[in-house]
Amino acid sequence: MKLRKLDRDDALSMLEWMHDPSVVENLQADFASMRIEDCERFIESAQTAVHDLHLAIADDKDEYQGTVSLKHISGETAEFAIAIRKSAMGKGFSEYGMKEMLRIAFERLGLTAVYWCVSPENRRACRFYNKQGYRRFDVMKDSELYRDLVRGGYRPEHIAGYHWYRVDKTMAEGKNSTN
């Protein structure tokens, strides 16, 4: 397994998970309406993005298995996102992609915290995050992050309805630290 830059050849496999209802049913974006051209544009824009880092999770044969991202990188924080093809689920790609992207966030980019949210209806993702030992936090108690989320396009009712997770550098290093 490895993380690598997204490649135009990944577009068809990316579109595959976007059109799989069992993968996207509880995700925030409308992936079902995406076309191959949308995937190609996303991949192209990922090559020059300044405030986002989107990488492919690839198997040992370099075949695309999913996308892992740090979005809205600003100052010391970023929002994490991950999407995996159904055929890659349960094979360690999510765990690997997440751990590697958090390592990049803290070691290479020098971030101090990474956060993400998930719909409570997305039981598969909630189980995954809980199994990995990530703890939920109350985003309403972090007024600066809350303001940034609203400025970034989240509506207050969505913020309140999601489960929010946060990892800081000490947590990523394996120390017991809570928010």
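**Note on charges and salt bridges**

1. Let's start with Asp62, which is partly exposed at a relative accessible area of 34% (buried means under 20%, exposed over 50%, partly exposed in between, with a 1.4 Å probe and protein chains only). A word on the source: this is a predicted model, where local features need pLDDT of at least 70 and side-chain atom pairs count only at pLDDT 80 or more, while totals for chains, interfaces and linings use all residues. Residues are numbered from 1 along each chain as its sequence is written, and side-chain values use heavy atoms, leaving out hydrogens and water.

2. Asp62 and Arg4 meet through their side chains in a salt bridge (2.8 Å, N to O), that is, a side-chain nitrogen of Lys or Arg within 4 Å of a carboxyl oxygen of Asp or Glu. This pair links distant parts of the chain, 58 residues apart: Asp62 is in the loop between strand E2 (53-58) and strand E3 (64-74), Arg4 in strand E1 (residues 2-5). Helices (H or I, at least four residues) and strands (E, at least two) are DSSP runs, numbered from the N terminus. Arg4 counts as buried at 14% relative accessibility.

3. In helix H4 (residues 93-108), Arg103 and Glu100 are 3 residues apart, so about one helical turn separates them. They form a salt bridge, with the closest N and O atoms 3.0 Å apart. Arg103 is partly exposed, with a relative accessible area of 35%, and Glu100 is partly exposed too, at 21%.

4. Asp38 and Arg35 also meet in a salt bridge (3.5 Å, N to O). Here Asp38 is buried at 19%, whereas Arg35 is partly exposed at 45%.
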